[in-house]
Amino acid sequence: MSDSTNEAAGERVVALTVNGDSVRRLCPSSRTLLDFLRVDLGLNGSKHGCDVGDCGACTVLVDGIPRLSCITLAVEVEGLAVRTIEGAGPDEARIVAAFDEHVASQCGYCTPGIVLCLSHLYSEDPAADDEAIRQALGSNICRCTGYTKILAAARAASQREASQPAQGGSDE
Ligand code: FES
Ligand code: FES
């Protein structure tokens, strides 16, 4: 079997960067990015929720932009930089700390996607207000918290980021 493709078997090599590491894997052309991350790479932080693009549990960053990995094929992100919650840096750690303080995570299923969405928001708007936070999290469903604590944590993280000097963080 060729190292690059096995199109007769519906497989393709996908080469991309995941959390700063170069990855090159043969996988079915129909493999979702979510399954590529979870099954092929063993990165289980991104969650299966609805699997149809409605809940945000599977959100990852692709070239820094939130993307629903359940409705993205692995082959679509060929050559791009993917970041999952396993690749969290100082910016995400600050958001997670705010979630801990505000008890904004219960079962935690929604949390990785929300943290990555907030990380992207603060990268563009460090002092994001409530409206901006609500919009950024508009596609992230939480079945546990009722959102009040998530908003409180997000607000706290925003205020913290606005009052702290920018950190180096990831180059993705
Ligand atoms: S699992 Fe992807 S949006 Fe719900
Ligand atoms: S904490 Fe359980 S789904 Fe959000």
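These legends accompany close-up views of a predicted model of one protein chain.

Residues are numbered from 1 along each chain as its sequence is written, and chains are lettered from A and ligands numbered from 1 in the order in which they are written. Because the model is predicted, local features need pLDDT of at least 70 and side-chain atom pairs count only at pLDDT 80 or more, while totals for chains, interfaces and linings use all residues.

**Figure 1. Overview of the protein chain.** The chain holds 5 helices and 6 strands. Helices (H or I, at least four residues) and strands (E, at least two) are DSSP runs, numbered from the N terminus. The order from the N terminus is β-β-β-α-β-β-β-α-α-α-α. Of the 172 residues, 41% are buried. Buried means that 20 or more other C-beta atoms lie within 10 Å of the residue's own; exposed means 12 or fewer, and partly exposed lies in between, with C-beta atoms placed from the backbone. Two residues are in contact if their C-beta atoms, placed from the backbone, lie within 7 Å. Among contacts between residues at least 6 apart in sequence, 60% join residues at least 24 apart.

Figure 2. pLDDT is the predictor's confidence in each residue, from 0 to 100. The chain has a mean pLDDT of 91, and 88% of its residues reach 70 or more. Over residues 168-172, pLDDT stays under 50. The model has 11 contacts beyond four places in sequence for residues 168-172. Where pLDDT is low, the predicted coordinates should not be read in detail.

**Figure 3. Helix α3, residues 111-124.** Helix α3 has 14 residues and reaches 20 Å from its first C-alpha to its last. That is close to the 20 Å expected at 1.5 Å a residue; the expected span is 1.5 Å times one less than the number of residues. Since 11 of the 14 residues of α3 are buried, the helix is largely enclosed by the rest of the structure. Its buried residues include T111, P112, G113, I114 and V115. L121 and Y122 are also among them.

**Figure 4. The largest nonpolar core.** A nonpolar core is a set of buried Ala, Val, Leu, Ile, Met, Phe, Trp, Tyr and Cys residues joined through C-beta atoms within 7 Å. The largest one has 42 residues. Those with the most contacts inside it are I95, I114, V115, C117, L118, L121 and A153. Elements giving two or more residues to this core are β2 (11-18), α1 (33-40), β4 (59-62), α2 (90-101), α3, α4 (130-136) and α5 (148-163). Helix α3 gives the most, with 7 residues. Domain 1 (5-86) and domain 2 (88-163) both contribute residues, so this core lies between them. The domain bounds come from an automatic or database domain assignment.

**Figure 5. Helix α2 and I95.** Helix α2 has 12 residues and reaches 16 Å from first C-alpha to last, close to the 16 Å expected at 1.5 Å a residue. Its buried residues are D91, E92, R94, I95, V96, A98 and F99. Leaving aside neighbours within four places in sequence, I95 is in contact with V115, L118, S119 and A157. V103 follows α2 and has a positive phi, near 50°.

Figure 6. V14 has R25 in β3 as its bridge partner. The hairpin has 2 residues between its strands, and N19 in the turn has a positive phi of about 50°. In α1, the buried residues are L33, L34, D35, F36 and L37. What covers them includes β2 and β3 (21-28). G42 follows α1, with a positive phi near 70°.

Figure 7. Strands β4 and β5 run antiparallel, joined by 4 bridges. V62 stands opposite I65 in β5. The hairpin has 2 residues between its strands, and D63 in the turn has a positive phi of about 50°. L80 sits in the loop between β5 (65-68) and β6 (81-83). L80 counts as partly exposed because it has 17 C-beta neighbours inside 10 Å. Not counting residues up to four places away in sequence, L80 touches L16, V62 and D63. The C-alpha atoms of L80 and V62 are 6.7 Å apart, with 18 residues of separation along the chain.

Conventions:
Pairing = 2+ DSSP bridges.
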